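Dear colleague,

I am handing over the structure below, followed by some notes on what was found in it. Please read them with the model open beside you.

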Amino acid sequence: TANATPVYFAEPVQVQAVGTNTITVARGFVFPHYSTTIDGKVATVTKMNFAHSEVLGNPTIVLPNKYFVAIEARYTKNSKFSVNFDTTVSAGTGILLMYSMANSVTGTATRPVDWELNKEDHSKFNTWKSVSGWYNEFDVVEYNGSQSVDRSYSGIPSIAERFKVCSVNPKEQGITTHGMGYGTLIDAVVVNNTTSAVSNRDRFATIKLTALGNGAIADRGNIGLSLLDFGMTDVTAEVNIVNQETGVKIDKSYSDVPYTPETVTGQIKGNISHCRYAYRLERKVPTVLSQESRFSLEANTTECLSIVYCATEDGWDNFTLSGNHQVSALATLSRAVYIRDNSFGWIIRDFTASGYPSTMACIHIPTGSTTNKLGNMQIDWGSCKFVGSGAATTLAAHSSKHTTILSTFFTDKYQLENFSTVRLITTTTANRTITLNPSNSVIPYNKEFTILCDSLAPTITNGGVTIYGTILADAKVAKLTRVATNTYFVSSSN
């Protein structure tokens, strides 16, 4: 949230006893490491007196033709608000909760079909707002709204709020979270969104999303799920995204928050169909992510023009791509999976691609200098299938980099333990040579490696070991097994 100075860790607790110098709470903390002294600052305790309120029976409140907050509840606990709203073309909010805990909000809101949103004052059109709340639950439906639900903060964070939202024809998001929130649960159905169906900046979020867009793919400009700032950290999402320009976008925020987190972790599952980009990776700061980053893209895609598209020169690191992907025959990009040169640590496995046209290479393997992490990209060819008119990868156009991939593969313990198939795509002799020598101690014993050859068989060079067997010159598949410290067995077939 712009111009906000937050306290990053704070939570409501029930005090059990107060001593001379100690306070005992009834249960453990969500954030367990409050310090008594850090740079001269001491964690503080502030007394809160909660109120209780109920609005039941589903009455309908008609908002006036000017900005108006129908219900504003501050410091409420275990309250229930079951109320509907009939709003006008003017700004107005149905329910605003602030510093409130364990409340229940249900209801439906409707705006006219043909109203216009004042972008400069857009937040005043959001029907349900929760600001710095804890364990609140929303179950709401809105027709023709703006942002149906706005989860924000003022000074202190939100914790474990749950939002079940159905938003039809929203001018903006079905639900947006503004960061400074932890453990948010989102279950959203958004129809005919024009921006992001769900925009998340909360850490540890769990998201279930159905987003149904409309219009020709060139005219959409909409996004199923946007993960921004810390919304891309410790996030789990199960999606069914249809007819969007972008299925899932990962990006640093467009607000005044300047950085993405150093560690990006998450998992996307489900289905993405009829999108220009199934996954679009945008700007990233800092330049290099932490090696602890692990992000898994597992959703299946259908009739998308692109599977993964890195839109900027920023590298995105340590992503895993899997799933079944049917690329649209209308695709005009030169690659279905486009990973930028500054990326490293990518793993592609359990991956099937079909339908891509002859003008498209399915996977763009990034090039660059030999120090540019190229060798850290792993394609588990044994679990990948390519059924399309175009090339499997763009590597054939960059044969000088193939040696780097090979030498890295056969000296990297992690890769050797997790993969068992190598694919040789270049046709030059130098780039299909594997040298076996006594110093190559990371190759595990009694594990058979399959070497797939698009053209000539690989050349096995003896660097001071014993090699049994031969590889035929016209072989398409070669096998390599280390049977003892300095002993290898090789074979081949067509």
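Is Val18 buried or exposed? Val18 is exposed, with a relative accessible area of 65%, where exposed means over 50%, buried under 20% and partly exposed in between (1.4 Å probe, protein chains only).

Please note that this is a predicted model, in which local features need pLDDT of at least 70 and side-chain atom pairs count only at pLDDT 80 or more, while totals for chains, interfaces and linings use all residues. Residues are numbered from 1 along each chain as its sequence is written, and side-chain values use heavy atoms, with hydrogens and water left out.

Val18 belongs to a nonpolar surface patch whose members include Tyr8, Phe9 and Val45, with about 860 Å² of accessible area together; such patches take residues with over 30% relative accessible area and no salt bridge, nonpolar side chains (Val, Leu, Ile, Met, Phe, Trp, Tyr) being joined within 5 Å and like charges within 9 Å. Accessible areas come from the Shrake-Rupley method with a 1.4 Å probe, and for residues only the protein chains shown count as cover.

There are seven salt bridges, each defined as a side-chain nitrogen of Lys or Arg within 4 Å of a carboxyl oxygen of Asp or Glu. One of them joins Glu72 to Arg74, with the closest N and O atoms 2.7 Å apart; Glu72 is partly exposed at 42%, and Arg74 is partly exposed at 43%. In another, Lys249 and Asp251 meet at 3.8 Å, N to O, and both Lys249 and Asp251 are buried.
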